[in-house]
Amino acid sequence: MKIYITNNTDTAVSREIRGVIKSAVNESAKEIMPGKSFEVSVMLVNNEEIHALNFQHRNMDKPTDVLSFPMIEDFAEEYENILGDIVISMEQAKIQAENYEHSFEREIGFLAVHSMLHLFGYDHETPEDEAEMFAVQEKILDKMGLTR
């Protein structure tokens, strides 16, 4: 598994946080497609940058916590080595960790796993899809020891 992490914020990102991101990416891939190897790019940004990306790609004029950019439309039908790109707002993650009263590490892990599942084709457009996606998410986070 090749995981490229780029920090576009003005704040240093600890080895621990980088480790959480790598674990989340690896554990998600193991859960969904064991034995396969992928390349994933993770960009860490502030709210201003994710706001601009959210507007540019989703026409939503507000910051968000995470964005996923899969390299292929229907993952189930096609295999590609390059899975896609993940963009995480470190600023928003910090706010959400405080609001949900759990650790920053747990929030970063959650966002990375959530985004990985989107790269694999999961979504939460319907209640059924949301229940399935969130069950897989929690299973992966539990394996990582990132419980609430």
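**Loop residues, helix packing and pockets**

E101 sits in the loop between helix 3 and helix 4 (helices are DSSP runs of H or I of at least four residues and strands are DSSP runs of E of at least two, numbered from the N terminus). The structure is a predicted model, in which local features need pLDDT of at least 70 and side-chain atom pairs count only at pLDDT 80 or more, whereas totals for chains, interfaces and linings use all residues. Residues are numbered from 1 along each chain as its sequence is written, and side-chain values use heavy atoms, with hydrogens and water left out.

Although E101 is not a glycine, its phi is positive, at about 55°. With a relative accessible area of 73%, E101 is exposed (buried is under 20% relative accessible area, exposed over 50% and partly exposed in between, with a 1.4 Å probe and protein chains only). Positive phi also occurs at N59, a residue other than glycine, with a value near 55°. N59 belongs to the loop between helix 2 and strand 3, and N59 counts as exposed because its relative accessibility is 61%. Most residues other than glycine have a negative phi.

Helix 1 comprises residues 15-32, 18 residues in total, and reaches 26 Å from its first C-alpha to its last. This is close to the 26 Å expected at 1.5 Å a residue (the expected span is 1.5 Å times one less than the number of residues). Its buried residues are I17, V20, I21, A24, V25, S28 and A29. These residues lie on the same side of helix 1 because they cover an arc of only 160° around the axis, where the arc is that of the directions from the helix axis to the C-beta atoms. R15 and K30 are exposed on the other side of helix 1. The cover over the buried residues of helix 1 includes strand 1 (2-7), strand 2 (39-45), helix 3, helix 4 and helix 5 (127-143).

L141 is placed in helix 5 and counts as buried, because its relative accessibility is 0%. When residues up to four places away in sequence are not counted, L141 touches R106, G109, F110, V113 and L146 (contact means heavy atoms within 4.5 Å). A97 is 44 residues from L141 along the chain, and their C-alpha atoms are separated by 15 Å.

The largest pocket has a volume of about 540 Å³. On a 1 Å grid over the protein atoms alone, a pocket is an open set of points where a 1.4 Å probe fits, with protein on both sides within 12 Å along at least five of seven lines, and lining residues have an atom within 4 Å of a point. Grid points are joined across faces, edges and corners, and a volume is the space filled by probe spheres set on the points. The lining of the largest pocket has 20 residues, of which R58, V66, S68, H118 and H124 lie nearest the centre. Helix 2 (47-58), strand 3 (66-70) and helix 4 (104-119) each give two or more residues to this lining, and the largest share, 5 residues, comes from strand 3. By class, the lining of the largest pocket holds 8 nonpolar, 7 polar and 5 charged residues (Ala, Val, Leu, Ile, Met, Phe, Trp, Tyr, Cys and Pro count as nonpolar, Asp, Glu, Lys and Arg as charged, and the others, Gly among them, as polar).

The second largest pocket contains about 200 Å³ of space. Its lining has 13 residues, with T11, A12, M90, K94 and F104 nearest the centre. Helix 3 (residues 90-100) gives the most to the lining of this pocket, 3 residues. The lining of the second largest pocket divides into 6 nonpolar, 4 polar and 3 charged residues.
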